[in-house]
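Work through these exercises with the model open beside you. Try each task before you read its solution.

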Amino acid sequence: MPQDHDNFTKVAPLQCPALWRAFANIATIPHCSKHEKAIIEFIAQFASKHGHEQRQDASGNLLVSIKALAGFEAVPGLTIQSHVDMVCEKNQGTCHDFLTDPIKLELDGDWLSANETTLGADNGIGVAMMIALMSEGVTKQAIDLLFTIDEETGLTGALHLDEQMLRFEDLINLDGEEEGFFYIGCAGGSDTKASLALSRLPVTYDRQCYQIEVKGLQGGHSGADIHLKRANAIKLVAVVLEHLLQEQLSFDLYSVDGGDKHNAIPREARAEIGIAAIDCVALSAHFEVIKTQLYAQWQTVEQDIEISFSKQSPRFEVPISPSNKSDLLAVIKQVPHGVVAMSTDIADLVSISNNLASVKTEHKSVVINASHRADNNQILATFQKSVADIFEAKKLYISSNNGYPAWTPQPNNSLVNQCKQAYLEFSKQPAQIAAIHAGLECGVIGSKKPDLRMISFGPTIRGAHTPEEKVSISSTVRIWNFLIYLIDSLTTVKKS
């Protein structure tokens with residue numbers, strides 16, 4: 001069993017030791033999206049050690065079955081589900097290899113975080129709770145623990161889930177990030193990638209090369225945080241370049257790069273430009289003007305924003321053609337970012353959004369990725385086409401994926417009602433029943449078993465998908481205790 005002494009030292013004094021021991025173990029096992037083999041093997045070995053049956057489907061999803069206790073065999077079973085992969089993000093300059101290095105846990109009062117990287121509480125806390133259920137002996141009815149892979153890059157584990165793994169009629173998803181909120185619906189999502197073929201033209205004039213960089217932004221989850229109107233680093237770099245053009249300052253463009261994950265709002269971006277040596281003083285003056293404007297515009301939302309330019313040799317010796325430069329900047333400007341429309345059915349719920357997720361420049365092409373979400377599958381398809389039209393107008397090559405479906409709320413099914421009643425009894429507070437603009441695997445899983453009753457909840461997590469990610473310890477303990485209470489409540493209801 002993997003152990004990291006520093007991680008175990010951090011969590012040793014916390015309540016619910018089985019849960020935190022499981023999470024500390026998870027943090028020592030690299031488990032970025034598409035690299036989940038080791039963590040699946042760890043969970044399978046743990047299940048075998050405690051005598052639980054298990055099986056894997058062809059995609060690598062793992063099902064661990066806890067048998068019912070004597071006298072409870074006739075009680076309908078329950079599925080509990082979490083995804084095992086995590087978004088792997090780190091601060092610029094951080095020396096951390098996500099494929100080999102353990103996540104280093106940091107304890108600060110009620111918050112558990114990581115050192116300069118994402119923590120993996122999304123969805124590692126849910127996975128830890130499920131592992132703890134294997135060893136704590138707190139369940140009576142049959143429980144299926146479903147561990148899915150590769151959720152963060154497009155819910156592909158759930159999309160390829162073997163339907164035979166869904167044996168029961170009720171499913172609890174542990175991927176929520178706000179204590180007290182119980183989700184019964186989510187947005188669907190899809191991505192559109194576009195590639196601009198580049199031609200590069202050598203220059204002969206005396207020039208100086210610079211890097212323009214934006215960093216220090218909050219970023220965040222491109223669904224759950226999109227309504228917070230945080231800045232997109234790619235958009236801000238483009239604004240700087242557009243300002244220079246408007247001031248009739250001629251420059252060559254070598255590259256634009258920013259963002260990484262499709263479901264993370266870009267926190268950092270940069271562009272490499274070349275300019276005639278005679279115009280360097282003017283460049284500095286115009287840059288200071290737009291920098292001041294952007295600081296004033298974003299200071300209330302992005303307190304740590306940094307916009308800089310510095311002399312630097314570009315990665316590529318030759319700049320892209322003027323027509324390529326024009327097309328690239330036009331596309332970045334025209335592709336929307338943020339909330340596109342709000343729901344007309346549910347107050348304060350985003351209906352449609354778009355994340356200009358990444359721009360990557362290579363020698364012969366620039367690849368742009370846009371990630372779309374909508375609470376209706378038909379609306380999602382229509383919006384995706386509108387983004388594709390922007391790319392096609394500039395003759396970019398497009399590759400879109402089919403995405404994943406929205407989860408339509410069923411506010412009055414028996415699982416939701418029983419959960420509401422149990423939470424009121426447990427916490428003396430009413431449950432907040434809601435839908436979320438993020439993508440949850442419930443939408444995909446529900447499409448495979450239409451009569452499945454589902455609900456999603458979890459402890460309070462802040463900064464998911466960023467190196468500022470942290471999870472509330474006290475909230476996690478309460479949700480763990482509530483999960484046990486809910487399971488027992490469901491057992492009692494079903495047996496009676």
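**Exercise 1.** Check the length of helix 8 (residues 322–334) in this predicted model: what should its 13 residues span at 1.5 Å a residue?

Solution. 
- Step 1. The expected span of a helix is 1.5 Å times one less than its number of residues. For the 13 residues of helix 8, that gives 18 Å.
- Step 2. Now look at the ends. The end C-alpha atoms of helix 8 are 18 Å apart, which agrees.

**Exercise 2.** Find which residues of helix 8 are buried, and what covers them.

Solution. 
- Step 1. Buried in helix 8 are N324, K325, D327, L328, L329, A330, V331 and I332.
- Step 2. The cover over these buried residues includes two helices, helix 6 and helix 9 (377–393). Strands contribute too, among them strand 9 (188–197), strand 11 (252–259), strand 15 (350–361) and strand 16 (365–374).

**Exercise 3.** Locate S321 and decide: is S321 buried or exposed?

Solution. 
- Step 1. Look in the loop between strand 13 (306–311) and helix 8; S321 is there.
- Step 2. Buried means under 20% relative accessible area. S321 has 4%, so S321 is buried.
- Step 3. Set aside neighbours within four places in sequence. S321 is then in contact with S199, R200 and L201.
- Step 4. Compare with L166. S321 and L166 are 155 residues apart in sequence, and their C-alpha atoms are 54 Å apart in space.

**Exercise 4.** Describe how helix 6 (residues 233–246) meets helix 7 (residues 280–298).

Solution. 
- Step 1. Take the axes. They come within 10 Å and cross at roughly 135 degrees.
- Step 2. Helix 6 and helix 7 are therefore oblique to each other. Their crossing is right-handed.
- Step 3. List the partners. Helix 6 brings L236, V239, V240, H243 and L244. Helix 7 brings L283, H286, F287, V289, I290, L294 and W298.
- Step 4. Sort the contact of helix 6 with helix 7 by class: 10 nonpolar, 2 polar and no charged residues.

**Exercise 5.** Repeat the length check on helix 3 (residues 37–49), then find its buried residues.

Solution. 
- Step 1. At 1.5 Å a residue, the 13 residues of helix 3 should span 18 Å. The end C-alpha atoms are 18 Å apart, which agrees.
- Step 2. I39, I40, F42, I43, A44, F46 and A47 of helix 3 are buried.
- Step 3. Their cover includes helix 2, helix 4, strand 1 (53–56), strand 2 (62–66) and strand 6 (143–148).
- Step 4. G51 takes a positive phi of about 80 degrees.

**Exercise 6.** At what angle do helix 2 (residues 17–28) and helix 4 (residues 121–136) pack?

Solution. 
- Step 1. The angle is about 130 degrees, and the axes of helix 2 and helix 4 are 8 Å apart.
- Step 2. So helix 2 is oblique to helix 4. The crossing of helix 2 and helix 4 is right-handed.
- Step 3. Helix 2 makes the contact through A18, L19, W20, A22, F23 and I26. On helix 4, the contact residues include G124, I125, M129 and E136.
- Step 4. The residues of the contact of helix 2 with helix 4 divide into 13 nonpolar, 2 polar and 1 charged.

Key: Residues are numbered from 1 along each chain as its sequence is written. This is a predicted model: local features need pLDDT of at least 70, side-chain atom pairs count only at pLDDT 80 or more; totals for chains, interfaces and linings use all residues. Side-chain values use heavy atoms; hydrogens and water are left out. Axes are lines fitted to C-alpha atoms, for helices over the stretch in contact, and angles run from 0 to 180 degrees between N-to-C directions. Helices (H or I, at least four residues) and strands (E, at least two) are DSSP runs, numbered from the N terminus. Angles under 35 degrees count as roughly parallel, over 145 as roughly antiparallel, 65 to 115 as roughly perpendicular and the rest as oblique. A crossing is left-handed if the near helix is turned anticlockwise from the far one by less than a right angle, and right-handed if clockwise. Contact means heavy atoms within 4.5 Å. Ala, Val, Leu, Ile, Met, Phe, Trp, Tyr, Cys and Pro count as nonpolar, Asp, Glu, Lys and Arg as charged, and the others, Gly among them, as polar. Buried means under 20% relative accessible area, exposed over 50%, partly exposed in between (1.4 Å probe, protein chains only).
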